[in-house]
Amino acid sequence: MTGLEKMKSQILEEAKAAADNKIAEAKAKASEITSQAEAEAAKITETIAHKSEVQVANYKDRAASSGDLQRRTKILAAKQEIIAEVLDKAYQSLTTMNEDEYFAMLLKMLDKYALPENGEIFFSKADLGRMPAGFEAEAAKAAEAKGGSLVVSKEGRKIENGFVLAYGGIEENCTLQAMFDAKRDELSDKVQRILFA
C-alpha cells in the first residue's frame with residue numbers, strides 16, 4: 001500500500017470513527033430526550049388524571065348536592081301544599097257551621113274587636129236573613145261591655161261571612177276570610193308544628 005493509500009485509509013478510518021462517535025452521541029442524546037419526554041408525559045398524564053379525579057369528585061359532590069336540594073325543595077313544597085290544604089279545610093269547616101255555632105263564634109269575635117265607641121255592624125244579606133232572634137241584643141251587650149254601642153245595619157254588604165265594624169267612617173273587616181288571611185302565617189306555623197314536629 002502506498003503512502004497515499006495509507007493516508008486515505010487513515011483519513012477514512014478517522015472519518016468513520018468520528019461518524020461513529022457522532023452517531024453514538026446522537027443516539028445517547030436521542031435516548032436522553034426520549035427519557036425526558038417520557039418522564040414529562042408521565043408527569044402530564046398524572047396531572048391530567050389527578051385533575052380528572054378532582055373534577056369527577058367535584059361533579060359527584062355537585063350532583064349529590066343538587067339532588068339533595070331538589071329533594072328538600074320537593075319535600076318543602078309538599079309540606080306547604082299539605083298546610084294549605086289543612087288551612088283550606090279549617091276555613092271550609094268554619095263556613096259550613098250550623099247557625100247556632102256560627103253566630104256564637106261571631107259574638108266571640110265581637111268581644112275581641114268591638115271598640116269603646118258608637119258604631120255600626122254590617123253583615124251579608126244571607127246572614128241578615130238567617131240571624132237568630134236576640135242576636136242584635138247580644139251584639140249590643142258585647143259592645144256595651146267594651147264601653148261602646150253597636151247598631152246592626154239592615155243594609156246587606158257584599159261579604160261572604162263574618163261582619164264589618166264601622167266607627168266614624170273607619171271600617172274594620174272582620175270577615176272570616178280577612179281573619180284567616182291576617183293570621184295565615186301564624187296558622188301555617190302552628191299547623192307545621194303539629195304535623196311535622
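Which side chains meet in a salt bridge at 3.8 Å, N to O, with Lys183 as one partner? The side chain of Lys183 pairs with that of Glu186. Here a salt bridge denotes a side-chain nitrogen of Lys or Arg within 4 Å of a carboxyl oxygen of Asp or Glu. The model is predicted, so that local features need pLDDT of at least 70 and side-chain atom pairs count only at pLDDT 80 or more, whereas totals for chains, interfaces and linings use all residues. Residues are numbered from 1 along each chain as its sequence is written, and side-chain values use heavy atoms, with hydrogens and water left out.

Nine salt bridges are present in the structure. Lys183 is partly exposed, at 33% relative accessible area, as is Glu186, at 39%; the term covers values between buried (under 20% relative accessible area) and exposed (over 50%), computed with a 1.4 Å probe on protein chains only. A further salt bridge joins the side chains of Glu155 and Arg157 (3.8 Å, N to O). Glu155 is partly exposed at 47% relative accessibility, and Arg157 is partly exposed at 21%. Within helix H1, Arg72 and Asp68 lie four residues apart, about one turn of the helix, and their side chains form a salt bridge of 3.2 Å, N to O. Arg72 has a relative accessibility of 47% and Asp68 a relative accessible area of 29%.

The largest nonpolar core comprises 29 residues, of which Leu106, Leu110 and Phe163 touch the most other members. Such a core is a set of buried Ala, Val, Leu, Ile, Met, Phe, Trp, Tyr and Cys residues joined through side-chain atoms within 4.5 Å. At least two core residues are supplied by each of helices H1 (3-95), H2 (99-113), H4 (135-145) and H5 (176-182) and strands E2 (149-152) and E3 (163-167). Helices (H or I, at least four residues) and strands (E, at least two) are DSSP runs numbered from the N terminus. Helix H2 gives the largest share of the core, seven residues. Beyond its neighbours within four places in sequence, Leu110 is in contact with Ile121, Ala139, Ala142, Leu150, Phe163 and Leu165, contact meaning heavy atoms within 4.5 Å.

Strand E1 (residues 118-122) runs parallel to E2, to which four bridges join it; strands pair if DSSP finds at least two bridges between them. Ile121 has Val152 as its bridge partner in E2.
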